[in-house]
Amino acid sequence: MRVEVVKDAKTIKLPWKPKKDEYYWTFKQLFEDGKLFVLNYTWDDRVIDDAFLKAGLIYRTKTEAEAALPKMAAEFGMEYKL
């Protein structure tokens, strides 16, 4: 048996992916004033679920999403509402 040790190996952390019917938090734009806010969705393997996941916009909790909201709003050039 041959065992090799890799000194420069890096761990790649995969994004969290909700299970079917599990809630997750993300962002949406208000219709009235165009501000970004957080809301929850249920994971149903829909196209929108996969799009949020690929964009890195899936959060386990409302607190995590709210913490990321100011940075995301700045990146999108939008105002936000907590």
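Q: What makes the approach of the Asp 49 side chain to the side chain of Tyr 24 a polar contact?
A: Their separation is 2.5 Å, and the cut-off for an N or O pair is within 3.5 Å, with one atom able to donate a hydrogen and the other to accept it (residues adjacent in sequence count only if both atoms are side-chain atoms). This is a predicted model, in which local features need pLDDT of at least 70, side-chain atom pairs need 80 or more, and totals for chains, interfaces and linings use all residues. Residues are numbered from 1 along each chain, and side-chain values use heavy atoms, without hydrogens or water.

Q: What else does the side chain of Asp 49 reach?
A: The backbone nitrogen of Asp 45, at 3.2 Å.

Q: Why does Asp 49 count as buried?
A: Its relative accessibility is 0%. Buried means under 20% (exposed is over 50%, partly exposed in between; 1.4 Å probe, protein chains only). Asp 49 therefore qualifies. The residue sits in helix α1, residues 47-54. Leaving aside neighbours within four places in sequence, Asp 49 is in contact (heavy atoms within 4.5 Å) with Tyr 24, Thr 42, Trp 43, Asp 44 and Ile 58.

Q: Why is Tyr 24 called buried?
A: Tyr 24 also has 0% relative accessibility, so it counts as buried.

Q: How many aromatic pairs does the whole structure hold?
A: Five. One of them joins Tyr 24 and Tyr 41, with 5.9 Å between centres and 25 degrees between planes.

Q: What makes the pair of Tyr 24 and Tyr 41 stacked?
A: Ring centres must lie within 6.5 Å, and planes under 30 degrees apart count as stacked (over 60 edge-to-face, the rest tilted; Trp by its six-membered ring). At 5.9 Å and 25 degrees, this pair is stacked. Tyr 24 lies in strand β1 and Tyr 41 in strand β2, 17 residues apart.

Q: Why is the pair of Tyr 41 and Phe 52 called tilted?
A: The centres are 5.6 Å apart and the planes at 40 degrees, so the pair is tilted. Phe 52 is buried at 12% relative accessible area. Ring pairs link Tyr 24, Tyr 41, Trp 43 and Phe 52 into a cluster.

Q: How do you know that the span of helix α2 agrees with its 15 residues?
A: Residues 62-76 should span 21 Å at 1.5 Å a residue, and the end C-alpha atoms are 20 Å apart, which agrees.

Q: Where does α2 bend?
A: At Leu 69, by about 40 degrees, with Pro 70 following within four residues. Leu 69 is one of the buried residues of α2, with Ala 65, Ala 68, Met 72 and Ala 73. These pack against β1 (23-29) and β2 (36-42).

Note on methods. Helix = DSSP H or I, 4+ residues; strand = E, 2+ residues; numbered from the N terminus. Expected span 1.5 Å × (residues − 1). Bend = angle between axes of the 7 residues up to and from the residue.
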